[in-house]
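Trainee: Can we go through this one together before I set anything up? I'd like to start with a charged side chain.

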Amino acid sequence: MPGPAIADAATWTAITAPPADGDDVKVSGGTAPFRANVLQPYADRDKFLLTALQGHWAGEPEVYHRNGMTELRVRGFFGLVIGERILSQSVYDVGVTLSGLTPGDWYYLYAYDSGGGVLAFQVSATAPDAALVWKTGGTTHRYLCSMRAWAVDSVVPFRKTGRLTRYLRDMAGAYTRALTLGNANSWTAIPLQYLGVDLLPPHAAVAELALVVSGGGGTMQIRRAAASSGAIGFGQGTFRETVYVYSGPGHTIDYVAGSPAELTLDVTGWEE
């Protein structure tokens with residue numbers, strides 16, 4: 001409900017009863033120091049809330065890239081707290097240009113305040129911090145997603161929602177393939193790479209895999225690298241599994257296939 005209008009210090013002093021809880025207090029006059037002293041508790045409260053919410057999303061966006069595109073698309077209406085501002089995207093689908101990339105290298109997308117509370121995006125070779133919140137070295141650029149370049153102006157097609165990133169395999173083709181018709185009668189490591197290039201960013205915690213067991217017979221097992229238990233077994237057929245992997249470059253898993261079983265394996269995505 002409307003509360004008292006305070007024009008100056010004398011008016012404030014003359015109030016016999018404090019404003020009721022929920023009243024609006026309007027400071028319309030008085031000297032600048034007086035106005036600042038009255039409003040400072042409200043400013044302190046807002047600053048505290050914004051500080052507590054640093055890096056938090058309200059409606060985290062989706063990011064994707066498809067064949068033939070030379071940009072990323074950031075889709076969704078959302079808000080983001082950076083500094084003492086709440087930034088928001090008011091256009092549902094925004095493009096972020098890709099250029100100057102080194103094929104095979106990993107890149108990362110960040111959101112930041114480009115000035116005056118205007119939300120902007122940056123593609124960078126600098127990885128996020130260990131918490132996957134900020135660009136390493138500061139608290140101004142909020143981490144959004146990871147991507148692997150396959151040309152100077154494009155990346156391996158993917159879609160990222162929440163903490164899950166998936167390659168668009170119908171467009172990515174062989175760029176997700178880690179093993180073709182592998183056969184090993186003892187536990188053997190599979191580097192999760194394509195032509196020596198990591199299929200997972202260094203910070204990935206869980207790998208999503210697509211497996212095809214062929215060969216006309218036999219079974220196959222996979223497990224976390226160097227694990228002594230927890231193997232997952234498969235017969236002939238096509239399967240999708242998620243496997244915990246150790247964070248760090250050079251992710252691997254182990255497999256063993258009973259003859260004549262053969263394993264073809266693609267990395268379809270990861271969780272962060």
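Trainee: Is Asp-266 buried or exposed?
Mentor: Bearing in mind that this is a predicted model, Asp-266 is buried, with a relative accessible area of 4%.

Trainee: And which side chain does Asp-266 meet in a salt bridge?
Mentor: Asp-266 meets the side chain of Arg-177, with 2.8 Å from N to O. Arg-177 lies in strand S15 (residues 177-182) and Asp-266 in strand S24 (residues 262-271), so the pair ties together parts that are 89 residues apart in sequence. Arg-177 itself is partly exposed, at a relative accessible area of 29%.

Trainee: How many salt bridges does the structure hold?
Mentor: The structure holds nine. Among them is one between Arg-73 and Glu-71, whose closest N and O atoms are 2.5 Å apart, and another between Arg-73 and Asp-93, at 2.9 Å from N to O. Asp-93 belongs to strand S8 (residues 93-97) and Arg-73 to strand S5 (residues 71-75), so this pair links parts 20 residues apart in sequence. Arg-73 counts as buried, at 17% relative accessibility, whereas Glu-71 is partly exposed at 25%.

Trainee: Switching to sheets, in what order do the four strands of the open sheet run?
Mentor: The order is S16-S23-S20-S21, with antiparallel pairing. Strands S16 (188-191) and S21 (232-234) stand at the edges with a single partner strand each, so one side of each has no neighbour in the sheet.

Trainee: How many bridges pair S20 with S23?
Mentor: Strand S20 (residues 220-224) and strand S23 (residues 252-257) pair over five bridges, and Ile-222 stands opposite Tyr-255 in S23.

Terms used: Residues are numbered from 1 along each chain as its sequence is written. This is a predicted model: local features need pLDDT of at least 70, side-chain atom pairs count only at pLDDT 80 or more; totals for chains, interfaces and linings use all residues. Side-chain values use heavy atoms; hydrogens and water are left out. Two strands pair if DSSP finds at least two bridges between them. Helices (H or I, at least four residues) and strands (E, at least two) are DSSP runs, numbered from the N terminus. A salt bridge is a side-chain nitrogen of Lys or Arg within 4 Å of a carboxyl oxygen of Asp or Glu. Buried means under 20% relative accessible area, exposed over 50%, partly exposed in between (1.4 Å probe, protein chains only).
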